Amino acid sequence: MHPMYNSKITGLGYYVPDNVVTNDDLSKVMDTNDAWIQERTGIKERRHVASEEDTTTSMGVKAAKIAIERAGIDKNDIDFIVFATLSPDYYFPGPGVLVQKELGIKTVGALDVRNQCSGFVYGISVADQYIKTGMYKNVLVIGSEVHSRGLDMTTRGRSVSVIFGDGAGAAVLSREEDTSKGILSTHLHSEGEHAEELALIAPGMGKRWVTDIIKENDPNDESYLPVMNGQFVFKNAVVRFSEVIMEGLSKNNLEPTDIDMLVPHQANLRISQFIQKKFRLNDDQVFNNIMKYGNTTAASIPIALTEAWEQGKIKEGDLVVLAAFGSGFTWGSVIIKW
Ligand code: UT7
């Protein structure tokens with residue numbers, strides 16, 4: 001079916017906490033070093049929230065306000081909210097409704113997306129479908145994470161905790177009448193067989209609940225710490241990134257040479273470089289900022305997309321490709337005619 005409308009990104013914004021944590025800062029609290037982190041991941045520094053003031057919701061709201069202003073709409077023009085995070089303020093309800101409250105907007109629907117590193121791509125896809133069918137005109141999509149409070153900042157947790165950072169990004173998607181423009185297509189996948197390869201198993205483990213954990217009060221209980229089989233995730237990431245970008249291009253009869261800007265989820269600079277080489281893109285055609293922020297999971301693509309746009313690296317008519325891979329496993333791509 002040919003869509004009635006397309007959606008297009010009309011406003012972008014991001015917010016990161018002021019507190020910069022360098023690799024050297026981490027080496028003071030755990031057995032790691034700047035050379036290892038830079039060589040394996042490309043990360044030089046990341047942000048960690050420093051006060052109770054910055055939460056997943058509050059950072060998301062700050063990013064959203066910028067995106068709404070840049071979209072040139074009133075907050076009451078927003079028809080629907082989509083919030084992607086793996087680090088919600090509350091276990092329930094999710095941050096979507098908290099954003100609705102904080103922005104003080106009418107009783108529009110709010111949906112929470114639990115797709116980790118692919119969360120923003122999934123969120124964009126959901127928003128796009130609502131706009132394509134004509135149901136909504138303006139949808140706010142937010143990705144935000146506070147990782148730092150949940151990481152094991154000792155040597156035990158080093159292979160995970162040096163990678164992740166805090167931050168938020170947001171986009172307003174609005175109706176575009178010209179269906180040759182805006183979001184051309186989105187592509188989503190998952191493979192639950194590998195759910196436990198990158199996960200935080202607590203509190204349930206499918207068998208117990210927070211109350212049981214409190215009762216057990218075991219200081220060595222590791223179920224509340226994120227776990228990642230790094231090499232396995234890496235190997236799957238490079239394959240799935242490539243596949244899902246190709247799928248999106250083929251669907252629109254496009255070639256890798258048509259890409260003006262690829263904004264990959266910032267999981268590891270080595271993954272981005274692998275994809276860049278594979279698609280024979282030059283340095284101006286791939287945007288990376290993992291050096292400054294680490295991996296911010298659902299926030300990484302909207303932060304990177306906003307920075308690329310702010311730096312004038314995305315122009316009208318450009319073919320922009322977003323792609324993500326992460327826990328689930330889940331992965332996806334978005335093909336945009338800007
Ligand atoms: O965003 C969601 C998707 N996530 C990803 O795509 C992540 C994919 N995976 C990766 O990016 C990489 O696998 C990592 C960056 C996580 C790890 O890099 P690696 O090259 O796969 O290292 P490794 O886990 O195989 O560890 C190599 C060595 C080990 O020591 P031994 O056993 O060789 O003596 C680790 O104990 O490096 C050690 N190590 C560290 N050393 C210093 C692990 N973490 C650290 C650390 N500092 N932080």
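Arginine 40 places an N or O atom of its side chain 2.8 Å from an oxygen atom of the ligand. Such a polar contact is a pair of N or O atoms within 3.5 Å. This is a predicted model: local features need pLDDT of at least 70, side-chain atom pairs count only at pLDDT 80 or more, and totals for chains, interfaces and linings use all residues. Residues are numbered from 1 along each chain as its sequence is written, and side-chain values use heavy atoms, leaving out hydrogens and water.

**Polar contacts and burial**
- Glutamine 231 has a polar side-chain atom 2.6 Å from an oxygen atom of the ligand.
- Asparagine 295 also has a polar side-chain atom 2.6 Å from a ligand oxygen atom.
- The ligand taken alone exposes 960 Å², and the protein buries 73% of that. Accessible areas come from the Shrake-Rupley method with a 1.4 Å probe.

**The shell around the ligand**
- The ligand is surrounded by 23 residues, each with a heavy atom within 4 Å of it.
- The closest are Thr32, Arg40, Gln231, Asn268 and Asn295.
- By class, eleven residues of the shell are nonpolar, nine polar and three charged. Here Ala, Val, Leu, Ile, Met, Phe, Trp, Tyr, Cys and Pro count as nonpolar, Asp, Glu, Lys and Arg as charged, and the others, Gly among them, as polar.
- Helix H8 gives the largest share of the shell, four residues.
- Domain 1 (6–179) and domain 2 (183–337) both contribute to the shell, so the ligand lies between them. The domain bounds come from an automatic or database domain assignment.

**Backbone geometry**
- Most residues other than glycine have a negative phi, and most peptide bonds are trans.
- The peptide bond from phenylalanine 92 to proline 93 is cis, with omega near -5°.
- Proline 93 sits in the loop between strand S4 (80–84) and helix H4 (95–103). Helices (H or I, at least four residues) and strands (E, at least two) are DSSP runs, numbered from the N terminus.
- Glycine 328 and phenylalanine 329 are also joined by a cis peptide bond, with omega about -15°.
- Phenylalanine 329 is in the loop between S12 and strand S13 (330–337).
- Asparagine 217, a residue other than glycine, has a positive phi near 45°.
- The loop between helix H7 (210–216) and strand S10 (227–228) holds asparagine 217.

How values were computed:
Polar contact = N/O pair within 3.5 Å; in protein donor to acceptor, adjacent residues only side chain to side chain.
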